[in-house]
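Colleague: Before we discuss anything in detail, could you show me how you would read a model of this kind, feature by feature?

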Amino acid sequence: MFVSELNMVSFRNHRRLFVDLEPKMYRIIGPNGTGKTNFLEAIYLAMTGRSFKTASLKEVIAFGEESAFVAATVVMDDFARDMEITVKKDKRRFLRDHNPVKNTSAYGRGMGVVLFEPGHLQMVQGAPSRRRAFIDDMLRMLSPAYDEAYTSYYHVLYQRNVVLRKLRDMDLLDVYDRSLANYAAVILRERLKFLKRMAASVSTYYEAIAGEGEGLELRYKASFPVVLDGELETAFYESLKQRRETDRERGRTSIGPHLDDLSFLLNGEEAKKFASTGQIRSIVLAMKCMEIDRVSEQLGEAPVVLLDDVMSELDEKRRRMLLSMIRGQCIITAAEPMEALEEAAEAIDLIELKKSADDLREEDLW
Ligand SMILES: Nc1ncnc2c1ncn2[C@@H]1O[C@H](COP(=O)(O)OP(=O)(O)OP(=O)(O)O)[C@@H](O)[C@H]1O
């Protein structure tokens, strides 16, 4: 899969930019603040309908403008798809092959894009939300059923929390508990199935990167007692029911997939507490390699890979390992030139692109 054309207008600091791309590796090297990450954000947004920088899409509108526009032609299975997003202050429009699409799930269906940015290096030691986000983002891309359960779960969770804080309506709370249990069971089953499948591949990658014969294991840490037979939904509902009073005092739901965590064990010890910086980087890299593999396997073709400023965080061996994992289109940003990139990737010059986009006529863009 690859992006063959990318077009943006009033997108962050890019007033106008148009580029033709091929299914190969590109590098964008330039000083801080030139818009390298914004360029990757535009690709990610055009493919998925979501930004990896913000939940509030209107932030992508260039300062002082009324709207932002980003469009990409994505070639998948030798078939070109036109993806187009317009964001205004109070509304947004998603078009897939020129047809309006209501939600991001339908918009980005079948699109494969893997992002690796410095924040991901916090996956092992950072807050549990980072680990959940890693699994959730991947599963949402791979499984429409997961995506649906995930969106519904957070919607119901919000409503349950409102009832806990403001109302004393037990019947309503019961309706939310049953609904939450239904979505939680889907989320949990899919997460556990996924972890079981990916554990072996992550540990193989880890050994290849670290090369020290250390065993890496992944463990799911649930916030409530998990039963693994068909009773999961009922068991979670009962746990929620028992917690109603405590949850009411706290004003929030104290168990569920929104609080679960993942832990990494190196030779049986918690990596979060004991691993060295190098070992932690190897774990994250192993997770990313697994992600690229998994998305390729699911889609039957290599995803678009976006590497934002991570090369300088990796040593030469890990850089080369990562580059060797990438089969299809990949766009890599860095503030400074580096040997591995000069050899492997073609340059994209944002300044030159901006100059040539200035020559485009208005009607070519909208
Ligand atoms: N909505 C917006 N409108 C205009 N400019 C914006 C907007 N949002 C961010 N910017 C500008 O974009 C620039 C940051 O761009 P970006 O993060 O892509 O830089 P970068 O080249 O990746 O830099 P670094 O190497 O530091 O990561 C900043 O100068 C910021 O002010």
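**Reading the model**

Modeller: Let us begin with Asp-77, which at 60% relative accessibility counts as exposed, where exposed means over 50% relative accessible area, buried under 20%, and partly exposed in between (1.4 Å probe, protein chains only). The model is a predicted one, in which local features need pLDDT of at least 70 and side-chain atom pairs count only at pLDDT 80 or more, while totals for chains, interfaces and linings use all residues. Residues are numbered from 1 along each chain as its sequence is written, and side-chain values use heavy atoms, with hydrogens and water left out.

Colleague: What is the phi of Asp-77, and where is Asp-77 found?

Modeller: As background, most residues other than glycine have a negative phi. Asp-77, however, has a phi near 50 degrees, a positive value in a residue that is not glycine, and Asp-77 sits in the loop between strand S4 (67-76) and strand S5 (79-88); helices (H or I, at least four residues) and strands (E, at least two) are DSSP runs numbered from the N terminus. Asp-309 also has a positive phi, of about 60 degrees, and belongs to the loop between strand S12 (304-308) and helix H10 (316-325). With a relative accessible area of 30%, Asp-309 is partly exposed.

Colleague: How should I read a database annotation, and which feature does UniProt place at residues 3-82?

Modeller: UniProt positions are given in the numbering used here, feature names are shortened, and annotations may be inferred rather than shown by experiment. The record, an unreviewed entry, places "domain: RecF/RecN/SMC N-terminal" at residues 3-82. Over that range the chain is 16% helix and 44% strand, and the end C-alpha atoms lie 10 Å apart.

Colleague: Is His-14 buried or exposed, and which residues does His-14 touch?

Modeller: His-14, which lies in strand S2 (residues 14-20), is buried, at 0% relative accessibility. Contact means heavy atoms within 4.5 Å, and, leaving aside residues up to four places away in sequence, His-14 touches Met-8, Val-9, Thr-34, Gly-35, Asn-38, Phe-39, Leu-350 and Lys-354. The side chain of His-14 also reaches the backbone oxygen of Gly-35 at 2.8 Å.

Colleague: How is the protein divided into domains, and how many residues of domain 1 are in contact with domain 2?

Modeller: Domain bounds come from an automatic or database domain assignment, which here gives domain 1 (1-112 + 303-366) and domain 2 (118-301). Their C-alpha centres lie 28 Å apart, and 22 residues of domain 1 are in contact with 21 residues of domain 2. Buried area is the accessible area (1.4 Å probe) that two parts lose on being put together, summed over both; between these domains it is about 2000 Å², of which carbon and sulfur atoms give 61%. Pro-303, Arg-318 and Met-325 supply 28% of the area that domain 1 buries against domain 2, more than any other three residues.

Colleague: How many salt bridges does the rule find across the interface of domain 1 and domain 2?

Modeller: A salt bridge is a side-chain nitrogen of Lys or Arg within 4 Å of a carboxyl oxygen of Asp or Glu, and across this interface the rule finds two. The side chains of Asp-137 and Arg-50 meet in a salt bridge at 4.0 Å, N to O. On the domain 1 side that touches domain 2, S12 and H10 are the elements giving two or more residues, and H10 gives the most, with five residues.

Colleague: How many salt bridges does a search of the whole structure find?

Modeller: The search finds 26. In one of them the side chains of Glu-41 and Arg-12 meet at 2.7 Å, N to O, linking distant parts of the chain, with Glu-41 in helix H1 (residues 36-48) and Arg-12 in the loop between strand S1 (2-11) and S2, 29 residues apart. Both Glu-41 and Arg-12 are buried. Arg-197 forms a salt bridge with Glu-297, the closest N and O atoms being 2.8 Å apart; Arg-197 lies in helix H5 (residues 170-210) and Glu-297 in helix H9 (residues 277-299), so the pair ties together parts that are 100 residues apart in sequence. Glu-297 also meets Arg-294 in a salt bridge (3.5 Å, N to O), and Arg-294 and Glu-297 both lie in helix H9, three residues apart, about one turn of the helix. Glu-297 is exposed, with a relative accessible area of 53%, whereas Arg-294, at 12% relative accessibility, counts as buried.

Note on methods: Polar contact = N/O pair within 3.5 Å; in protein donor to acceptor, adjacent residues only side chain to side chain.
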